[in-house]
Amino acid sequence: MQALKAGDRLKNFQHKITKQQMIDFEHVVWDRGNNSHSDIEAAKADGLSRTIASGQNQMAVVHQMLEQNFGDAWVYGGKISLRYIRPVYEDDVLTPNGVVTETTDVDGKPRVSLEVWCENQNGDKTSVGTASAGQPVATRSWIKTEARSVA
């Protein structure tokens, strides 16, 4: 894999947020019951006109982009700080973005610093932050490979 340098943009994709994803993410860590992320009546009681996606939805999209671009360098040693600045709603289409701001050596190992953000289908930023990881590697140890027989 080619090393990243300042100014390089990460490969990205588009991801549609569905109602079911919004509900499912509410059960990932714990079941908080009906709330503004999963129930319209709860959202209205909170002063919202409709349900909103939790920050976990946006974090997952950014995480997927970093995982796809950095492989094990992200999974084993990546860091992220993300701030949610605009609501995300059902049927919004998010595009995660990342641009390299700096490359350095940390304890003798190459490290890439990035600005990261998500945009909705209107081009509005919904989250902004920073991330860092080692230079990208092709290894993706979380992907299972078929066992080979040795003769």
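Tutor: Along the sequence, the elements of the chain follow the pattern β-α-α-α-α-β-β-β-β, and the secondary structure comes to four helices and five strands. Please keep in mind throughout that this is a predicted model.

Student: What box do the C-alpha atoms fill, and what share of the residues is buried?

Tutor: Taken along the principal axes, the C-alpha atoms fill a box of roughly 55 × 45 × 25 Å, and buried residues make up 36% of the 151 residues in the chain. The chain exposes about 9200 Å², of which carbon and sulfur atoms supply 48%.

Student: And how much of the contact set comes from residues 24 or more positions apart?

Tutor: Counting contacts with a separation of 6 or more, residues 24 or more positions apart account for 66% of them.

Student: Switching to charges, how far apart are the mean positions of the positive and negative ones?

Tutor: There are 17 positive and 19 negative charges in the chain, and their mean positions are 4 Å apart.

Student: How many salt bridges does a search of the whole structure find?

Tutor: The search finds two salt bridges. In one of them, the side chains of aspartate 91 and lysine 16 meet at 3.7 Å, N to O. Aspartate 91 lies in the loop between S2 and strand S3 (93–106) while lysine 16 belongs to strand S1 (residues 15–16), so the pair ties together parts that are 75 residues apart in sequence. The other bridge joins the side chains of lysine 5 and aspartate 8, at 3.3 Å from N to O.

Student: What else sits in the loop between S2 and S3?

Tutor: Tyrosine 89 has its place in that loop. Leaving aside neighbours within four places in sequence, tyrosine 89 is in contact with Ile17, Met22, Arg50, Thr51 and Ile52.

Student: Okay, and serine 54, where is that, and is it buried or exposed?

Tutor: Serine 54 lies in the loop between helix H2 (40–45) and helix H3 (55–70). Its relative accessible area is 4%, and because the cut-off for buried is under 20%, serine 54 counts as buried.

Student: Which residues does serine 54 touch beyond its sequence neighbours?

Tutor: Once the neighbours within four places are set aside, serine 54 is in contact with Phe25, Glu26 and His37. Phenylalanine 25 is 29 residues away from serine 54 in sequence, and their C-alpha atoms are 7.6 Å apart in space.

Student: Is threonine 95 buried or exposed, and what is it in contact with?

Tutor: Threonine 95, whose place is in strand S3, counts as buried at 14% relative accessibility.

Student: Last topic, the surface. Which residues form a nonpolar patch there?

Tutor: Val75, Tyr76, Trp142 and Ile143 form a nonpolar patch on the surface, and together they have about 400 Å² of accessible area. Within that group, tyrosine 76 is in the loop between helix H4 (72–75) and strand S2 (79–84), and it is exposed, with a relative accessible area of 56%.

Notes:
Residues are numbered from 1 along each chain as its sequence is written. This is a predicted model: local features need pLDDT of at least 70, side-chain atom pairs count only at pLDDT 80 or more; totals for chains, interfaces and linings use all residues. Side-chain values use heavy atoms; hydrogens and water are left out. Helices (H or I, at least four residues) and strands (E, at least two) are DSSP runs, numbered from the N terminus. Buried means under 20% relative accessible area, exposed over 50%, partly exposed in between (1.4 Å probe, protein chains only). Contact means heavy atoms within 4.5 Å. Accessible areas come from the Shrake-Rupley method with a 1.4 Å probe; for residues, only the protein chains shown count as cover. Lys and Arg count as positive and Asp and Glu as negative; His and the chain ends are not counted. The place of a charge is taken as NZ of Lys, CZ of Arg, CG of Asp or CD of Glu. Patches are made of residues with over 30% relative accessible area and no salt bridge: like charges are joined within 9 Å, nonpolar side chains (Val, Leu, Ile, Met, Phe, Trp, Tyr) within 5 Å. A salt bridge is a side-chain nitrogen of Lys or Arg within 4 Å of a carboxyl oxygen of Asp or Glu.
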